[in-house]
Amino acid sequence: MTGFLWGILGVVAGACIAIQAPINTQLGRALGMSVAAAMISFAAGAVALAAVLVVFSRLQGVAPDWRAPAPWLYFAGGCLGSVYVTAAILLTPRIGAAAVMAFSVAGQLTAGLLIDRIGFMGVAVRELTAGRVVGALLLCAGVVMIRMF
């Protein structure tokens with residue numbers, strides 16, 4: 001995989017973090033208790049990581065006993081978080097911790113701007129101002145500098 005593709009994976013991982021928050025908020029509203037939403041989110045992440053475990057286990061000749069869970073709201077936030085955790089584990093030894101964090105923050109900011117703009121999952125709508133766009137572009141320039149220089 002090229003450095004560019006590793007960077008794309010890092011940005012996607014960061015975007016997953018931003019998307020996860022409103023999903024978990026919606027789940028907390030539905031359950032009436034934010035701690036329950038957090039518990040379900042982490043349980044769903046464990047399920048997604050179990051899928052990664054299946055791949056690695058099959059490569060090693062070991063078959064785990066695992067079944068897929070239920071409704072998307074209970075699992076989406078944890079699944080998005082597992083993308084970040086897995087990407088961070090994969091990227092850190094290849095591109096370094098600073099670059100992983102920079103790509104992740106760039107993805108979070110990009111997704112966060114979009115989430116704010118469209119009001120995804122009930123988030124308050126915020127305009128996409130020139131200042132916010134310039135700030136995001138400056139952050140992206142910083143990502144390039146951290147990775148390339």
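What pLDDT does the protein average, and what share of the residues score at least 70? The protein averages 79, and 80% of the residues reach that score; pLDDT is the predictor's confidence in each residue, from 0 to 100. This is a predicted model, with local features needing pLDDT of at least 70, side-chain atom pairs counted only at pLDDT 80 or more, and totals for chains, interfaces and linings using all residues. Residues are numbered from 1 along each chain as its sequence is written, and side-chain values use heavy atoms, without hydrogens and water.

**View 1. Packing of helices α4 and α5.** Helix α4 covers residues 97-118 and helix α5 residues 130-148. Helices (H or I, at least four residues) and strands (E, at least two) are DSSP runs, numbered from the N terminus. The axes lie 9 Å apart, at an angle of about 160°. Axes are lines fitted to C-alpha atoms, for helices over the stretch in contact, and angles run from 0 to 180 degrees between N-to-C directions. The pair is therefore roughly antiparallel (angles over 145 degrees).

**View 2. Residues in the contact of α4 with α5.** Contact means heavy atoms within 4.5 Å. From α4 come residues including Ala98, Phe103, Leu109 and Asp116. Among those of α5 are Arg132, Gly135, Leu139 and Arg147. By class, twelve residues are nonpolar, one is polar and three are charged. Nonpolar means Ala, Val, Leu, Ile, Met, Phe, Trp, Tyr, Cys and Pro; charged means Asp, Glu, Lys and Arg; the others, Gly among them, are polar.

**View 3. The loop between α4 and α5.** Met121 is found here. Its phi is positive, about 55°, although Met121 is not a glycine.

**View 4. Confidence along the chain.** Among the elements of the protein, α5 has the highest mean pLDDT (88). Helix α3 (residues 72-95) has the lowest, 72. Over residues 66-70, pLDDT stays under 50. The model has seven contacts beyond four places in sequence for residues 66-70.

Methods
Parallel < 35°, antiparallel > 145°, perpendicular 65-115°, else oblique.
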